[in-house]
Amino acid sequence: MGPAGSGKSTYCATMLTHAEAIKRSVHLVNLDPAAENFEYEPTIDIRELISLEDVISELHYGPNGGLIYCMEYLTNNLDWLTDSLDDYVDDYLIIDCPGQIELYTHFPIMRSIVETLTGVGYRVCAVYLLDAQFVEDTAKFFSGVLSAMSCMVQLEVPCINVLSKMDLLENKKSRDLDRYLDPDPSLLVESANLSTTSKFHSLNQAIVRLIDDFNLVSFLPLNIRDEDSVAIVLSHVDNAVQYGEDVEPKEPKA
């Protein structure tokens with residue numbers, strides 16, 4: 001999950017490639033009705049139920065309204081999803097979701113989907129991606145932090161927040177990055193107060209208190225060109241869903 005352009009499809013492809021390398025069977029599920037191309041063919045694809053292209057052409061909706069319509073149509077036909085999942089109840093799934101942030105923060109759509117998945121026995125972990133280049137604009141970064149926090153509160157499942165595209169920030173000092181990986185609210189006050197008039201300073205401070213009081217959001221850095229970085233993110237997801245804990249240990253060979 002995450003805003004448009006945060007690298008969700010690239011994340012899915014990277015994890016599938018890594019899974020192949022470690023000999024793990026993983027299936028891709030596409031829940032983005034606006035998706036066009038995939039590096040890996042989805043095992044389950046919402047476009048078999050409804051696509052944004054069809055909604056725009058037949059109902060004359062715009063892209064944003066059409067996407068909301070598609071996702072609401074899915075929530076009204078969740079039996080299609082559960083039927084599609086019947087053959088994969090014991091498998092590891094990576095779900096590629098749409099990039100419209102309202103689906104995670106304003107509407108109960110993704111919550112309904114998550115509840116459906118947990119209802120049929122899946123252990124669900126939400127992975128929220130935020131473009132690492134947001135750290136170049138402190139106000140934009142903390143807007144992303146608030147969106148991530150809203151998503152976590154809305155979905156009420158284990159959530160791993162990831163700063164994607166770290167390969168584009170190689171010149172950033174690690175000491176500076178630490179303040180973003182474990183967000184330091186004082187960063188927002190320092191930056192925002194410099195660029196706003198005094199009448200907004202109380203609002204800036206209130207946002208800082210909100211982030212600090214919830215104390216929910218921290219990030220893992222992800223550089224898709226670094227196998228160790230990919231493995232670390234996957235290990236956190238595995239831990240969140242308790243992957244492999246119900247597998248019977250193999251008998252030692254005689």
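Strands β1 (residues 26-30) and β3 run parallel and are joined by 5 bridges; strands here are DSSP runs of E with at least two residues, helices are runs of H or I with at least four, and both are numbered from the N terminus. Within this pairing, Val26 stands opposite Tyr92 in β3, and Asn30 has Asp96 of β3 as its bridge partner. The model is predicted, so local features need pLDDT of at least 70 and side-chain atom pairs pLDDT 80 or more, while totals for chains, interfaces and linings use all residues. Residues are numbered from 1 along each chain as its sequence is written, and side-chain values use heavy atoms, without hydrogens and water.

The two strands belong to an open sheet of 3 strands, ordered β2-β1-β3 with parallel pairing. Its edge strands are β2 (44-45) and β3, each of which pairs on one side only; pairing requires at least two DSSP bridges between two strands.

A nonpolar surface patch of about 320 Å² is formed by Val153, Leu210, Phe214 and Leu216. Patch residues have over 30% relative accessible area and no salt bridge, with nonpolar side chains joined within 5 Å and like charges within 9 Å. Leu210 lies in helix α10 (residues 201-214) and is partly exposed, at 37% relative accessible area.

Methods. Areas by Shrake-Rupley, 256 points an atom, 1.4 Å probe, with all protein chains shown as cover. Salt bridge = Lys/Arg side-chain N within 4 Å of Asp/Glu carboxyl O. Buried < 20%, exposed > 50% of the residue type's maximum accessible area, 1.4 Å probe, protein only.
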